Amino acid sequence: MNHLRRYESIMEVLLTQKEVTVAELSEKLNVTGKTIREDLTKLEEQGLVRRVHGGAVLANNDQFGILPVKEPLVKHADEKTDIAETALRFISKNDIIALDGGSTTLEIAKRLGDLPVTVITNDVYMISELAAKENVRLVVPGGYRVRNVLAGPEAVAYVRGLNINKAFISATGVHLEYGLSVYTGDLIDFKQALMATARECYGVADHHKFGHSALRTFARLSELTALITDKGLPAETAAAFREAGVRVEQ
């Protein structure tokens, strides 16, 4: 296993467990404790983990990009509501939209009401939310479950055959240089398939994620129709993104 795949595996464990020991990772990845400690040092240098005695924890517990296994995140609830209300301005009757997995996109799903739209999603929480909406046509790609989302080549292949009007994409980090990023590579192919298929692509992220980057970039900002964020984004940050040619909606 190369070092990049080890980094992803370490982040996958932390996303689920919140903390991990060197011994656990050494056994799981079948490498020496010395190798694991070196990996954790590299991840700490990137701001992704924080070293603690005998192991590591996530550096930012509230910036997962995808939801934990048991229940949706509730942090920054006001910001997510703000983003969802803005996103709804871009959704019209009979649209075919894609809602990428995540706590912010879940808020969009909750606020759709019973608008007659087609929704493609791989998020199990969102599937549960939308299944009860009579006028929403729900489309669920295949795949295997990774925490709260369905992933894999079947889901990617299915999405690439669709005609999507608008895709709403979540991210862990939003950075002028590194674009949209996430911690692990499991979901990158699916996100990129949504973006390649959709006529319009909207990145959705609260202002806390701006200026940060995670381990893996999956899209450049130039690929987006717009970034949708909350009103808490500092004016100077919004100006910097707009000066770089990025449309920012608040």
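This note goes through the aromatic ring contacts of the model above, point by point.

1. The model is predicted, so local features need pLDDT of at least 70 and side-chain atom pairs count only at pLDDT 80 or more, while totals for chains, interfaces and linings use all residues. Residues are numbered from 1 along each chain as its sequence is written, and side-chain values use heavy atoms, with hydrogens and water left out.

2. The structure holds three aromatic pairs, where rings of Phe, Tyr and Trp (its six-membered ring) pair if their centres lie within 6.5 Å, and planes under 30 degrees apart count as stacked, over 60 as edge-to-face and the rest as tilted. The pair of Phe90 and Tyr202 is tilted, because its planes stand at 40°, with the ring centres 5.1 Å apart. Phe90 lies in the loop between α4 (77-88) and β4 (96-99), whereas Tyr202 belongs to strand β12 (residues 198-204), 112 residues apart; helices (H or I, at least four residues) and strands (E, at least two) are DSSP runs, numbered from the N terminus.

3. Phe90 is buried at a relative accessible area of 14%, and Tyr202 is buried at 3% (buried means under 20% relative accessible area, exposed over 50%, partly exposed in between, with a 1.4 Å probe and protein chains only).

4. Tyr202 also forms a stacked pair with Phe168, at 5.2 Å centre to centre and 15° between the planes. Phe168 sits in strand β9 (residues 164-170), 34 residues from Tyr202 in strand β12, and Phe168 is buried as well.
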